[in-house]
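Here is my note on this model. Please read it with the structure open.

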Amino acid sequence: MSGEEAPTPQQQPEQEKKPDEPPPAAASDAPQQEAAAAGGSSPAAEEKPLSCRALVLTGYGGYDKVKLQVKAQSQPQLQAGEILVRVKACGLNFAELLGRQGLYELLPAPPVTMGMEGSGVIEAVAEDVKDRKVGDRVIVMNRSGMWQEVVVVSANHTFPMPEQMSFEEGAALSINYLTAYMMLFEMANLRPGKSVLIHMAAGGVGIAATQLCRTVQDVTVFGTASASKHETIAQGGVTHPIDYRTKDYVEEIRKISPKGVDIVLDPLGGSDTQKGFSLLKPMGTLIVFGAANCVTGQKKNLLAMAKTWYHQLSLTTLKLMQSNKAVCGFHLGYITEEELLSRTMLKLLELYEQGKIKPCIDSRYHFEEVGLIVFKYKNVKEVLLFGAYMVALKTEPQTPLKLPNA
Ligand SMILES: NC(=O)c1ccc[n+]([C@@H]2O[C@H](COP(=O)([O-])OP(=O)(O)OC[C@H]3O[C@@H](n4cnc5c(N)ncnc54)[C@H](OP(=O)(O)O)[C@@H]3O)[C@@H](O)[C@H]2O)c1
């Protein structure tokens, strides 16, 4: 496979593409080519190499390391259990910000196409795949590679999409909701009447966790987020939004609930883990699932990493025993039990169909526009900080571009 950089609007302004103009790639004849890959098709199609666009991480560092490339490859031969999917939308997760900085150990070394989740339409299936067929709309999970127009994946990593689910919703569901569901229900055993502290409450996992808390009676949710997002998260189910930028969230929680909370979901690390542990009621559960405090800008910040490491929670088992609290760690990327993942996904799809959960899509960008955003704002995180609960990187121009303050 070879990668060639695709023209982006900022590189060739004279060829600037309007948001709802069709993308230039090989999309129109690609389905025919890929059908050939799956088995029967015309010899003419077989001769042509398959080309598709992908967002490739070309090295660790800032946003300029993510490039739109056109990949040319020979027709993919499906192995047993595999399917070919035309990607319609894919999700951007915090792990990709970490991956770009070289801080996500599960992402293969660059050059690599990023993207852990997406949705699309099946264009071919291997002979032994019986429970998926051409034309099915599916959610796809993968370690990487989803920021690409066409992907070959294991059928086991796909889930049929409910009819009413949009491709963007399908792309935004798996990572956020699996993470939130497993933490709340498998680890913390959330029950009626409990209280939960959700940090980054306006983020993808935060919104998923809030919606899932609403499926249980009388759960009180404390949610930290920038003030501008409070109205949104309150509507979504956060009982007490707290602006952690201007207030001490520990004090704010103690004012409302002097004994603290039953469950803390901690994606921050460092001193916030210590604060979370201190806020737990007896029998409470702290779940550590991220280290966002290490991320302060575009590039790796060694000082922030050292500070986070230095202030991390340190406990002896004796102290833990005497505290009557539980400390857990969660990392979706290290869950290899496919049965557990499938069971949880099916449960989530059921909740979606019942209208109890719904991914919140803040912004959508076409592949070409990812470069444009970098160019225009210099800081993609700024764009995310406007309230990106999830960014769906669309591969087809179905929705007009919506840039904050554009
Ligand atoms: N262990 C796992 O399996 C797993 C899976 C998924 C995610 N995670 C972790 O969960 C956390 C949330 O991920 P997400 O995808 O939900 O995030 P996201 O959607 O990108 O949310 C980002 C929001 O979080 C807030 N924030 C707080 N501190 C931040 C920081 N240092 N850098 C950037 N944003 C910060 C910002 O909102 P405000 O303006 O309101 O502060 C920002 O808009 C991350 O730590 C991620 O690594 C872990």
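Which helix gives the most to the shell around the ligand?

1. **Ligand shell.** The answer is α5, with three residues. In total, 28 residues surround the ligand, the closest being Gly 203, Ser 226, Pro 267, Gly 290 and Leu 332. At least two shell residues come from each of α3 (94-100), α4 (167-187), α5 (204-213) and α13 (380-385). Helices (H or I, at least four residues) and strands (E, at least two) are DSSP runs, numbered from the N terminus.

2. **Basis.** This is a predicted model: local features need pLDDT of at least 70, side-chain atom pairs count only at pLDDT 80 or more, and totals for chains, interfaces and linings use all residues. Numbering starts from 1 along each chain as its sequence is written.

3. The shell residues split into 17 nonpolar, ten polar and one charged. Nonpolar means Ala, Val, Leu, Ile, Met, Phe, Trp, Tyr, Cys and Pro; charged means Asp, Glu, Lys and Arg; the others, Gly among them, are polar.

4. **Helix α5.** Ten of the ten residues of α5 are buried. Buried means 20 or more other C-beta atoms within 10 Å of the residue's own; exposed means 12 or fewer; partly exposed lies in between, with C-beta atoms placed from the backbone. The buried residues include Gly 204, Val 205 and Cys 213. They pack against α4, β10, β11, α6 (230-236) and β13. Contact requires C-beta atoms, placed from the backbone, within 7 Å.

5. **The sheet.** Six strands make an open, parallel sheet, in the order β12-β11-β10-β13-β14-β15. β12 (240-242) and β15 (326-329) are the edge strands, each with a single partner, so one side of each has no neighbour in the sheet. Neighbouring strands are turned by 15° against each other on average, direction ignored. Strands pair if DSSP finds at least two bridges between them.

6. **Helix α7 on the sheet.** α7 (residues 249-256) packs on the sheet and touches β10 (195-198), β11, β12 and β13 (261-266). Its direction makes about 160° with that of β12. Axes are lines fitted to C-alpha atoms, for helices over the stretch in contact; angles run from 0 to 180 degrees between N-to-C directions.

7. **From β10 to β11.** Four of the five residues of β11 are buried. Four bridges join β10 to β11, and the two run parallel. Val 196 has Val 221 as its bridge partner in β11. The chain crosses from β10 through α5 to β11, a right-handed β-α-β crossover. Right-handed means that, with the strands pointing away from the viewer, the path from the first strand over the helix to the second runs clockwise.

8. **From β11 to β12.** Three bridges join β11 (residues 220-224) to β12, again in parallel. Gly 223 stands opposite Pro 241 in β12. Phe 222 stands opposite His 240 in β12. The chain crosses from β11 through α6 to β12, and this β-α-β crossover is right-handed.

9. **Leu 351.** This residue sits in helix α11 (residues 338-353). Why is Leu 351 classed as partly exposed? Because 17 other C-beta atoms lie within 10 Å. Leu 351 touches Thr 215, Lys 356 and Ile 357, not counting residues up to four places away in sequence. Leu 351 and Leu 212 are 139 residues apart in sequence, yet 9.0 Å apart in space, C-alpha to C-alpha.

Technical notes
Near = placed C-beta within 6 Å. Contact = placed C-beta atoms within 7 Å.
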